[in-house]
Amino acid sequence: MQIYNTESIRNLALLSHSGAGKTALSEAMLFSSGAINRLGQITEGNTASDHEPEEIERQGSIQTTIVPCEWQGKKINVLDTPGYADFAGEVVSALEAVDCGVVLVSAVDGVEVGTEATWQRAEGLGLPRIVVINKLDRENADFLQSLETIQGKFGRRCIPVQLPKGTGAFEGVVDLLDPSASDQHPRFAEFHEALVEAAAEAEDSLTEKYLEEGDLSQEELVQGLKIGIAAGSLFPVLATSATQEVGITQLLDFIAEYAPSPLDRPATEAKNASGDSVQITPGDDAPLAVKVFKTTADPYVGKLSFLRVVGAPLKSDTQVWNVNKGQTERVAQLFVPRGKVQDGVPSLASGDIGAVAKLQHTGTGDTLVQKDKTVTFPKFEFPSPAHSIAISPKTKTDMDKMGTSLTRLIEEDPSLQVTRDQAISETVLSGLGEAHVDVACKKMKRKFQVDVLTATPSIPYRETIKTKIRTEYKHKKQSGGHGQYAHVYLELEPTPRGSGVEFGNKVVGGSVPKEYIPAVEKGVMEAAHQGVISGNPVVDVKVTLVDGSSHSVDSSNMAFQIAGSQALKKGLQDGASVLLEPIMRVGVTVPDTYTGDIMGDLNGKRGRVSGTTPHNGATLVEAHVPLSEMQRYATDLRSMTQGRGSYTMDFSRYEEVPANLAQKVAEETKQHASS
């Protein structure tokens, strides 16, 4: 592939709900442009884009794939993104690399929830968008009905530049920019006029001309359309059938002519070494500034880092500085990726997208620069994990490799998180949904040869006491020779939430020799790791050694450690221990129509709604809910809202478990321990 200048580059992401035809469209664009010589099929698992084994198995995208093609002297970098909500992190990183979104809408299914979500993400970034009504060859396909739905959801700024041709089957497109095509569709004049009006509104001089003369010249129409698209003041609507290859060359023509180049977009904001904001404009005179927007772990090539060159061109065999990691990296051979194939290139122009292998320290979101001209791009904001599983190695070999493989997995997909609860010795893998973590486990096995067992995560319960108590334990053992003797009195009293376990000493008169007091403390702290109700750690208790006795021969550190441990256990049993559970701070955002259902469901989950905030047709419901009730909330919420809801959750505090539920937890713990 030849080297293109910045003006000739088009970077676009295909965006939509799963199943609208993004991968089929990317395949048709590659085939029509001559980038590939055989049209792959999703059902056969041989498309350029969906090449990962997990994608072939699911017959759907799980990652963003770069599939560039060349058309009319332009290089079009197509980023095919997943449409399923569980893989929304891939969409986030893709949008950081492109200058335009191509939003697909199925002519049969209309605007679906995933399409709304990606539209909103692009809207938040101020990204220009082109709308493509796809699947017009299908039975019950309706272009005008789809257009009405699109305008209802996204506004009247969505303006057709094409109409479908054919009374029955979809035979082609009518170009509304071409006045000579006016006899090819009965409503040509109506839609052409709407297009002229939209183009006229893109710039003041065109608006004045249109108001004065009632029309624009062809050149002015083109000018207004380009300005409006780049500014995001209008969104052109086109028509295709990807599987039948109808409208594909016209789509490529339109992208080459009207999609913004990197030069048409605003400068990229960054911070310099002093922390001041700077603007990076693409060009040879700009400082070197490269954004790493995606990382993959390839079993054969090793780590691949996907790059967007924001500033000056990047050349192969170059040393760069990773600002985020404070490390020098060597960019050896640059690649232009096309699915799983990589073609080596000597350089990447400003604004272009490519990849490099085997960067040692670099991860997703990092900035690469010249060391003496440092700038940093903002970190990406990935969605918060919403579904968790406990994982454990299947064999000893898996145990040795699991930690490293998880690190590499998160490097590849930062929307995954791994946490470890030391108290219950459990590793928890969290992602955006059930499919997300399932695919992650399959990747671990395929890429890193690590097999794991999965389970529902344990709830990190804690135990405490509610009243002040005094407890005593005497450890006495005689078996010939030196015996064992230690005698302690402890006071246990509750402390505020979050204060852990404290140890104090009020012994007077040497009843417990001072050399044995650290042993008592050690015994108490060890016993506090395992409470008497559920075996979970004890918290929020102050333990004070107040008295005791010793033996001049039989006392020892070990004896007092045992006495301290047993005294605490006895005190917890005698002192009406209670079970505490983690309470989560939850924020659920849903369309207004679902607000009542969500509040009722949270109340049914022992939650306490603390407030609601309406905003632009949606409502944020804030509540505090026990973690035990939220284990499968991602699935519940998706079901209740048809996928239109989202939520965030973080730890708030511990609270006492109701007595009837505490009894149930205790019984389950005993059953688990005996099994």
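How close do the axes of helix H12 (residues 517–527) and helix H13 (residues 557–574) come, and at what angle do they cross? They come within 7 Å and cross at roughly 40°. This is a predicted model, where local features need pLDDT of at least 70, side-chain atom pairs count only at pLDDT 80 or more, and totals for chains, interfaces and linings use all residues. Residues are numbered from 1 along each chain as its sequence is written, and side-chain values use heavy atoms, with hydrogens and water left out.

H12 passes H13 in a right-handed crossing, with the near helix turned clockwise from the far one by less than a right angle. Contact here means heavy atoms within 4.5 Å. On the H12 side, look for Ala-519, Val-520, Lys-522, Gly-523, Val-524, Glu-526 and Ala-527; H13 answers with Asn-557, Phe-560, Gln-561, Gly-564, Ser-565, Leu-568 and Lys-569. By class that gives six nonpolar, five polar and three charged residues, with Gly counted as polar.

Now move along to helix H14 (residues 595–604) and helix H15 (residues 633–641), whose axes come within 11 Å and cross at roughly 150°. H14 and H15 are therefore roughly antiparallel (over 145 degrees). H14, too, makes a right-handed crossing as it passes H15. Ile-598, Asp-601 and Leu-602 of H14 meet Tyr-633, Leu-637, Met-640 and Thr-641 of H15. Sorted by class, this contact has five nonpolar residues, one polar and one charged.

Definitions and conventions:
Axes are lines fitted to C-alpha atoms, for helices over the stretch in contact, and angles run from 0 to 180 degrees between N-to-C directions. Helices (H or I, at least four residues) and strands (E, at least two) are DSSP runs, numbered from the N terminus. Angles under 35 degrees count as roughly parallel, over 145 as roughly antiparallel, 65 to 115 as roughly perpendicular and the rest as oblique.
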